[in-house]
There are 2 protein chains.
Amino acid sequence: MSPRRFLAPAGSLVPGELPLPAEEAAHARKVLRLSPGEEVELIDGAGARALGVLTHLNKQGGAVRVESVDQAPAPLPELVLCPGLLKGPAMDLIAVKLTELACDQVRPVLSQRAVPRLKDPGAKQERWSRLARQALKQCGAARAPSFAAPAPLDDLLAAAPDDALKLLLYEQEQGVSLARVLAQAAAPRQVWVLVGPEGGWAPQEAEAAQAAGFVSCGLPHTILRAETACLAVASVIRFGREYEHGATL
Amino acid sequence: MSPRRFLAPAGSLVPGELPLPAEEAAHARKVLRLSPGEEVELIDGAGARALGVLTHLNKQGGAVRVESVDQAPAPLPELVLCPGLLKGPAMDLIAVKLTELACDQVRPVLSQRAVPRLKDPGAKQERWSRLARQALKQCGAARAPSFAAPAPLDDLLAAAPDDALKLLLYEQEQGVSLARVLAQAAAPRQVWVLVGPEGGWAPQEAEAAQAAGFVSCGLPHTILRAETACLAVASVIRFGREYEHGATL
């Protein structure tokens, strides 16, 4: 069985004796019932992974003797997913599943048809980040995505760099599939994808995105719920083709 | 706004006046507060879609005058997903999301490391089918997958036809990615995919599958939770490439 994974602060992993954060130590002791001497894995949520041995675990906390640290290579293309802001449970699902799918950035969009009005966007960002870091413990991804504060579409359009592959997933698109756009694109270093909220993009939003260089494309055969569309497009970009600069597998 | 969708029994959709099933009529009246005269869509979960007008709606039930019926083309390749049996909530999520992703058959596998022991597999099959049909109302797919009773791996291996593209998603696979196998395959009419349970396939299970003609492949960069792997592989097969016999988009 692989060693249990625990979270450590970003950038904290170096060989030697390291404290196990209090919450992780409590989980190790009370839920997993680990004992000193057992092998554990520490991840920092920013790509670093350490293997070590639990040296100390009691009510006051725990410690790990780190024996090796490595840095997981960042997958290419870099994946920036921009979903129209969804309701709480759908955003929570996205935060977890996009972490598993090795998404790099999540940038929610305050689109016209997005339902929620957030009173405290900062609290939501913290919640998504926390869910993402917890998700890392249950999958093999090495990094949590960053979560931006929800922003108006125009800000997103202006933020996407010129050399990124820019995609607009648009349920009204009848002519061009996501698969075709990806097949025709050179190996991109970064992909930005706009995914509509429940109810989709308003026509003027789709026009604005296309004017800003986003290529409109669709998914054939079905119309997905917004959160499923996010997971599907992330899956297709991450696993649908082998880019020369990308996959190590 | 598109008309509201309601479920009708499979094969029941023909032009003319049709009864709205009791549960659907109650939902239309009490939750959606529809009135006679409104346009509605009926789907039968087996590919048929009807447009019509609500003619009648009260406590006793409802009726729809169907004006047109069409049959959604079945997407190709036909997609048969065989997940190692997962816990209840994960199977429920799979039932819903694989419906959205236009999966054709779900055949759970009683693999060695599958945790649940089902007391009443028939009740589970009914539950998954009901969730799938409900999911159809909230997405644009035209068909619910069929759900087989959980079966031993050997039965699954024997059931897969010779001319299907047969894939084993195997987290120990280091050499071959799903993307590469799909890129090298001719346009298949049917794809079967074995996806391991939490804990993965036992080595002898992987060997048996490979001996039965299943091609072992992996997903780079990350290790997904079992239910996420099902959604990712279904997304990649459905939307990752345009097959000549397939996409209409």
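How many residue pairs are in polar contact across the interface of chain B and chain A? I looked this up and found 19 residue pairs, both partners at pLDDT 80 or more. A polar contact here is a pair of N or O atoms within 3.5 Å; within protein, one must be able to donate a hydrogen and the other to accept it, and residues adjacent in sequence count only if both atoms are side-chain atoms.

**Ground rules**

I note that this is a predicted model, where local features need pLDDT of at least 70, side-chain atom pairs count only at pLDDT 80 or more, and totals for chains, interfaces and linings use all residues. Residues are numbered from 1 along each chain as its sequence is written, chains are lettered from A and ligands numbered from 1 in the order in which they are written, and side-chain values use heavy atoms, with hydrogens and water left out.

**Interface, chain B side**

I listed the elements that give two or more residues to the side of chain B that touches chain A: α2 (88-100), α5 (178-184) and α7 (226-239) of chain B. Helices (H or I, at least four residues) and strands (E, at least two) are DSSP runs, numbered from the N terminus. The largest share, eight residues, comes from α7(B). By class I get 18 nonpolar, 13 polar and nine charged residues on this side. In this scheme Ala, Val, Leu, Ile, Met, Phe, Trp, Tyr, Cys and Pro are nonpolar, Asp, Glu, Lys and Arg are charged, and the others, Gly among them, are polar.

**Interface, extent**

The contact (heavy atoms within 4.5 Å) takes 40 residues from chain A and 40 residues from chain B. I noted a buried area of about 3500 Å² between the two chains, with 62% of it from carbon and sulfur atoms. Buried area is the accessible area (1.4 Å probe) that two parts lose on being put together, summed over both.

**Salt bridges**

I counted with this rule: a side-chain nitrogen of Lys or Arg within 4 Å of a carboxyl oxygen of Asp or Glu. The structure holds 18 salt bridges over all chains, and the rule finds four across the interface of chain B and chain A.

I followed A:K97 next. A:K97 forms a salt bridge with A:E100, the closest N and O atoms being 3.1 Å apart. Both residues lie in helix α2 (residues 88-100) of chain A, three residues apart, about one turn of the helix. A:K97 also meets B:E227 in a salt bridge (3.7 Å, N to O). This pair joins two chains, because B:E227 lies in helix α7 of chain B and A:K97 in helix α2 of chain A. I therefore logged A:K97, A:E100 and B:E227 as linked in a network of salt bridges.

For accessibility, buried means under 20% relative accessible area, exposed over 50%, and partly exposed in between (1.4 Å probe, protein chains only). A:K97 is buried at 6%, B:E227 is buried at 10%, and A:E100 is buried too.

I then checked A:R180 and B:E242, whose side chains meet in a salt bridge (3.0 Å, N to O). B:E242 is partly exposed at 30%, and A:R180 is partly exposed at 29%. B:E242 lies in the segment after α7 of chain B and A:R180 in helix α5 (residues 178-184) of chain A, so this pair also joins two chains.

**B:S111**

Is B:S111 buried or exposed? I find B:S111 buried, at 3% relative accessibility. B:S111 sits in the loop between β8 (109-110) and α3 (121-136) of chain B. Leaving aside neighbours within four places in sequence, B:S111 is in contact with B:G84, B:P197, B:W201 and B:E205.
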